[in-house]
Amino acid sequence: MAAAPQTAKGYDVQAVRADFPILHTQMHGKPLVYLDNAATTQKPQSVIDTLLRYYTEENANIHRSPHLLAEKATRAYEGARVKVKEFIHAEDAHEIIFVRNATEGVNLVASTYGRKNIGPGDEILISTMEHHCNIVPWQMLCEEKGAKLKVIPINDAGELLMDEFDKLLTERTKIVAVVHMSNVLGTINPIEEIITKAHAQGVPVLIDAAQSAYHIPLDVQALDADFLVFSGHKLYGPTGIGVLYGKTALLEAMPPYQGGGDMIATVTFEHTEYNDLPYKFEAGTPHIAGAAGLGAAIDYIQSLGVANIAAYEHELMEYGTQALSEIEGFRMIGTARNKASVYSFTLGDIHPLEIGTLLDRQGIAIRTGQHCAHPVLQRLGVPSTARASLGLYNTREEIDALVVGLRKVQEFFAK
Amino acid sequence: MSGAQTQSIASTQDEIIDELALFEDWTERYGFVIELGQALPALPEEFKTDANKVRGCQSQVWIHPTLANGVVTLQADSDAPTVRGLIAMLVRLYSGHTPEEIVAKNPDFIERSGLAENLSMVRVNGMRAADKQIKKYAQGFIDATA
């Protein structure tokens, strides 16, 4: 599952860039160099066209009305579900639950599976490098149920200490929830090993694939993941749509999340029969356009080939790591052997906020701060970092522009 | 600082806007804000407490208020140079004024000076959070002496 297949030959990045209108705009009068993909990715024309087409030609509510428009909308929505199913190699489309984002996916599992199966004295195992969305819902559950949150530690390079994981995984552990790829460090975690070990103890595993879904081929059946979440907007799709994958047996045994709309079969004031999967978890009118857009994004990624994208991004990342490390005072935060597409860094004693601001004036978009993952930065002893993160349309020239940009930042503060 | 104690918050604000208007070039203005930050006396470590911290994701900001002879003195610090400069402006605006004056005045120099367009929303929101915290301190002084 490493992000380094053999070669990215034949990957035409200029042709890819032509598909993304925003990449040809300017910021502060400079060509946009977009290196904030870990926050959100830009959208190809086909995704934008799908959203436009949905609202222009297909807009209706789904699953109920007998007219042709409703049929078109339903096809757009359910068609997207099948695309997601194929994208992550789920066994059945009803294992794909549309949610707003990865965060809602984790909250759904914590609120339903968690509330039902976790009690006083039980333990939930997460890692030091979790994003807040895979910390807080579990913390809330622990408070409610009197359970304990246990955290897998990391080394200074930003890799999980698997020996410690082995010790933390006990008969008290009721669920393991780990990030596939860290948004701060780029570390790719050994989720196969984690899942195998957890399953040996009968413990289910939730994978947060928010960062990995657009960099690494996913196969939930090969991984034997019990739950997996990701967001559409990081996958070159729209905001407000995300996916929770769950194994059929687990989802069927879980109580519903929210009440209303499509999640019911029959309702009387005395009793409600819940609908089948996946509708049991999709209360109310869903983000139909968003799902259609996510389907288009998946089509787009599949047309390039996830393995091709991963190979191209890996070469680009290696190039950038080399180029950036030649800058005096550059310090990479997160140097895992297995990492992808993220450069979290500090530059001498220049505050990351000022780095981000001065790069912005040069048209270069990066993120700065704590990346909604406070504990991992506390662990590594840095208050905040600057973070440049790659997507499938970035180029070596853009990395070069970042290097030049950072040197200018240094010059400004050397005055 | 002696002038600031005799003039109103409103006129200090106009003064700040006039100073910022001298810089047409963004880089110069940015450099000026950083210089203001450099001129701000460092906050002693003992005051860099959680209670004095303004919540925010991008940089750390601490504001320490004291009340003597009916007027508030603010000491403040940040680990980010531009944020330090902006905080210095707030310190200059409010120090030497009564809690009542502070609570009554909503500064709009960020908008009027064009700084809002120069700075990211993140920082403008940070400034607002700092202003809110100063008002909270002032209200606390009013409540304590009521």
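**Close-up views of a predicted model**

View 1. Of the residues lining the largest cavity, 5 are nonpolar, 1 is polar and 1 is charged. The model shown in every view is predicted.

**View 2. Cavity volume and count.** The structure holds 2 cavities of 30 Å³ or more.

**View 3. Residues around the largest cavity.** Chain B supplies the lining residues B:Trp26, B:Arg29, B:Tyr30, B:Val33, B:Leu115, B:Asn118 and B:Leu119. Two elements of chain B each give two or more residues to this lining: helix H3 (26-39) and helix H7 (115-118). H3(B) provides the largest share, 4 residues.

**View 4. A:Glu130 in its loop.** In chain A, A:Glu130 sits in the loop between strand S5 (123-127) and helix H5 (136-145). The relative accessible area of A:Glu130 is 0%. Buried means under 20%, so A:Glu130 counts as buried.

**View 5. Contacts of A:Glu130.** The side chains of A:Glu130 and A:Ser127 are joined by a polar contact of 2.6 Å. Leaving aside residues up to four places away in sequence, A:Glu130 touches A:Ile135, A:Ala177, A:Val178, A:Val179 and A:Ala373.

**View 6. A:Glu130 and A:Ala323.** In sequence, 193 residues separate A:Glu130 from A:Ala323. In space, A:Glu130 and A:Ala323 are 28 Å apart, C-alpha to C-alpha.

Methods: Residues numbered from 1 in each chain as written. Chains lettered and ligands numbered in written order. Predicted model: local features only at pLDDT ≥ 70, side-chain atom pairs only at ≥ 80, totals over all residues. Heavy atoms only, no water. Buried < 20%, exposed > 50% of the residue type's maximum accessible area, 1.4 Å probe, protein only. Contact = heavy atoms within 4.5 Å. Polar contact = N/O pair within 3.5 Å; in protein donor to acceptor, adjacent residues only side chain to side chain. 1 Å grid on protein atoms, 1.4 Å probe; cavity = no way out; pocket = protein on both sides within 12 Å on 5 of 7 lines; lining within 4 Å. Points joined across faces, edges and corners; volume = space filled by probe spheres on them. Nonpolar A, V, L, I, M, F, W, Y, C, P; charged D, E, K, R; others polar.
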